[in-house]
Amino acid sequence: MAFGAFDSQITRRGYVTEAMDTIWSERSTVQSWYDVEAALARVQTKLGMIPEGAGTRITQQAKATDAVMESIFSKTAGNPFALGLDCLRQTLDETTRRWVHFGATTQDILDTARNLQIRDSLDLIDSCTNDLLKITRLLADRHAETIMVARTNGQHAVPTTLGMRFARWTADLERSRERMTQTRHRCLLVQFSGAAGTYASMGPHGATVATEIARDLGLTCELIAWHASRDALTELSCNLAIHAQVLAKIAEDLYNMQRTDLREAAEALDPHLSGSSTMPQKRNPFSTMKITAAARMAAGAAATVLTNPPGDFERDHRQLEVERDAVPRILAAVDGAGQKLLTLLNALDFNVDQLAANAHREGILLVSEGIMMELAPRLGHEEAHDLLQEFSAAHRANGISLHDFIDAHPHVAEKLSGLDLDELSDPSRYTGLSAKLSHLIAEDRPHTGNDVMG
């Protein structure tokens, strides 16, 4: 029985990528246990804690083979990790098998092994984010001067460019990537300090074993145990959820741009993905919908981790049980959403003509702010604002032109002598720094206000 969209073979393809599926498969999970056990044996051999050659022999047999997996799956009771250890020991000679898991505790192995899977998962997400940044920078540059309307609170606001929208998405992705980079240093830790974090089981070698295992596996070592301190995994979960929301923000904008009444963008029609079973004309934006849905699922799972009660004293296995379900789910949701967005951005069609038409839909009203800023030095900001607000109402009511409206206010017309109202009414002349910022962010380098001066 499948419990949810990520588990069902029918629906999981819409959320979980093949690469992420492989990282968190049962076989990969068991292999990650064995990778840590092998690293432990190699380090202990190096330190003289176990006989020469034991580390090599354990490493050679530490493979999640079909026989191992079948043995674990066939048991209806028992700790799966203990069953995995039994399988490993059974492949070794009597002399070597006694050194498997020597001085270790189960949670040390499970925490460290899971962090290997988290590391590989973050590598996938980082790679996808880098690819997303390449395409958003490219499109920011390409559409730096493509006129469109900016919308605030669901209403037309001022003119902008499509490149500026991509520039904003790029900035969002850059901040999210930075958060994820910082999080890696704090969460990809070895856990190897024994039952209660005292290193007692390995005597004077304890701290050295932990440090060397971290070096062997490419993780970080903090000597103070984090068995009951799950702040790093909580931070990871929350930052992943934030990253998912960044992806969802882009997807939500693209979802709305594809609305029939806007027609500013369109996904390619795929009868099996975006088509309707009853309405032949439909091009449903299902890619964006999957991305936003995945983001919600990631946020929900992150909330579960965030509200996981603090661990009891030195260790509380209940935390591990919750994380075992929530953390892979968050990673899968974020990776799947990112890959789907990357595919979408590479295939999406932007309707430049419709973007321009929408920018001109309200005519002069779209640039009322710009006109106000030209009138303000002559009339004062408050009077200019009230005048344009009155004009907007009259224009919507009876279509009066700005020229006629100003002529009907002689005291105002006198103060505005010499202003070219027609030029002020052109939306393309009131996009501010949109084009410069779009080109600038496409360069992928540090920038300051001086870069857009002049």
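The legends below describe several close-up views of a predicted model.

Residues are numbered from 1 along each chain as its sequence is written, and side-chain values use heavy atoms, with hydrogens and water left out. Because the model is predicted, local features need pLDDT of at least 70 and side-chain atom pairs count only at pLDDT 80 or more, while totals for chains, interfaces and linings use all residues.

**View 1. Aromatic pairs, with Phe 6 and Tyr 15 as a stacked example.** A search of the whole structure finds 6 aromatic pairs, where rings of Phe, Tyr and Trp (its six-membered ring) pair if their centres lie within 6.5 Å, and planes under 30 degrees apart count as stacked, over 60 as edge-to-face and the rest as tilted. The pair formed by Phe 6 and Tyr 15 is stacked because the ring centres are 5.4 Å apart and the planes stand at 25 degrees. Phe 6 is buried at 6% relative accessibility, and Tyr 15 is buried with a relative accessible area of 11%; here buried means under 20% relative accessible area, exposed over 50%, and partly exposed in between (1.4 Å probe, protein chains only).

**View 2. Trp 33 and Phe 81, an edge-to-face pair.** In this aromatic pair the distance is 5.3 Å centre to centre, with 80 degrees between the planes. The pair links distant parts of the chain, since Trp 33 belongs to helix H2 (residues 26–46) and Phe 81 to helix H5 (residues 80–90), 48 residues apart; helices (H or I, at least four residues) and strands (E, at least two) are DSSP runs, numbered from the N terminus. Trp 33 is buried, its relative accessible area being 10%, and Phe 81 is buried as well, with a value of 3%. Elsewhere, ring pairs link Phe 166, Trp 169 and Phe 350 into a cluster.

**View 3. The largest pocket and its lining.** About 1,000 Å³ of space lies in this pocket, a volume being the space filled by probe spheres set on grid points that are joined across faces, edges and corners. On a 1 Å grid over the protein atoms alone, a pocket is an open set of points where a 1.4 Å probe fits, with protein on both sides within 12 Å along at least five of seven lines, and lining residues have an atom within 4 Å of a point. The lining has 28 residues, of which Trp 24, Glu 26, Thr 29, Arg 324 and Pro 328 lie nearest the centre of the pocket. Two or more lining residues come from each of helix H1 (18–23), H2, helix H4 (66–74), H5, helix H7 (106–142) and helix H12 (317–347), and H12 gives the largest share, 6 residues.

**View 4. The salt bridge between Glu 264 and Arg 151.** The structure has 29 salt bridges, each a side-chain nitrogen of Lys or Arg within 4 Å of a carboxyl oxygen of Asp or Glu. The side chains of Glu 264 and Arg 151 come to 2.8 Å, N to O, and they link distant parts of the chain, with Glu 264 in the loop between helix H10 (231–257) and strand E5 (265–266) and Arg 151 in strand E1 (residues 147–152), 113 residues apart. Glu 264 is buried, with a relative accessible area of 0%, whereas Arg 151 is partly exposed, with 26%.

View 5. Arg 215 is exposed at 55% relative accessible area, while Glu 212 counts as buried at 17%. Arg 329 is partly exposed at 23% relative accessible area, and Asp 325 counts as partly exposed at 45%.

**View 6. A network of salt bridges.** The residues linked in this network are Asp 111, Arg 114, Arg 230 and Glu 323.
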